[in-house]
Amino acid sequence: MKISRLYDTSHSIVGRMMAQFTYPWEVLPHIEEWIQALGQVLPENEYQKFGESIWVHRSAKVAPSAALGKNIIICQGAEVRHCAFLRGNAIVGAEAVVGNSTELKNVILFDKVQVPHYNYVGDSVLGFKSHMGAGSITSNVKSDKTLVKVHAEDGDIETGLKKFGAMLGDNVEVGCGSVLNPGTVIGRNTNIYPLSSVRGGVSANSIYKRQGEVAEKQ
């Protein structure tokens, strides 16, 4: 569940900022302020500024049809494709891909993350080289609108957050059409079967087939 177990923080522009916290969901309320602070010091010869709070690396590719809201940083070599919607408070890491009709809101994508086809990612952190298959989404608000708890093996952890999608560790693969329910935390190097509904914690180095059926990778 801890940042130190889920992520190699050297693979994010906000890695050092994240390292001051214990659990990854603790960073969600700070994404906007981090973007604002970083934007003031990003080198102008590398990043082009648009409006008041959008910074795009000059090597990044952003499709003309993509919509960028407020408080956005798009890092070196990233690609934002046709009709992507970066609603606000989004950090797109180096060489990451944000694809066709994908929506981002209050998220950190580490370097080389791929959310390339019809994804919704809200109030989430996606680790280095993690990938969400076509149509897979994060659900970031409970149906009863109560605060999100993380269901861990040794008991529930209160987050104090109403909006909390998913925390994906480094090198996580999420299969097509899957739903990551509020408060999902997936350990490093884990694969999620297509069409899964995932809730709670999933151990690192495992294969999630369905609720209650998780195999350890050999």
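Lys142 is partly exposed, with a relative accessible area of 27%; the term covers values between those of buried residues (under 20% relative accessible area) and exposed residues (over 50%), using a 1.4 Å probe and protein chains only. The model is predicted, so local features need pLDDT of at least 70 and side-chain atom pairs count only at pLDDT 80 or more, whereas totals for chains, interfaces and linings use all residues. Residues are numbered from 1 along each chain as its sequence is written, and side-chain values use heavy atoms, with hydrogens and water left out.

Lys142 lies in the loop between strand S12 (137-138) and strand S13 (148-152). Helices (H or I, at least four residues) and strands (E, at least two) are DSSP runs, numbered from the N terminus. Not counting residues up to four places away in sequence, Lys142 touches Leu147, Val148 and Pro182, where contact means heavy atoms within 4.5 Å. Asn181 is 39 residues from Lys142 in sequence, and their C-alpha atoms are 8.1 Å apart in space.

Setting aside neighbours within four places in sequence, the residues in contact with Lys105 include Arg87, Tyr120, Asn140 and Lys163. The side chains of Lys105 and Asp123 make a polar contact at 2.7 Å. Such a contact is a pair of N or O atoms within 3.5 Å; within protein, one must be able to donate a hydrogen and the other to accept it, and residues adjacent in sequence count only if both atoms are side-chain atoms.

S8 and S10 pair in the parallel sense over 6 bridges; two strands pair if DSSP finds at least two bridges between them. In this pairing, Lys105 stands opposite Gly122 in S10. Strand S10 (residues 120-126) is largely enclosed by the rest of the structure, because 7 of its 7 residues are buried. S10 also pairs in the parallel sense with strand S15 (residues 166-168), over 2 bridges, and there Val125 faces Met167 in S15.

In helix H3 (residues 31-39), the buried residues are Ile31, Trp34, Ile35, Leu38 and Gly39. They cover an arc of only 130 degrees around the axis, which puts them on the same side of H3; the arc is that of the directions from the helix axis to the C-beta atoms. These buried residues of H3 pack against helix H2 (15-18), strand S2 (54-57), strand S4 (67-74), strand S6 (85-92) and S8.
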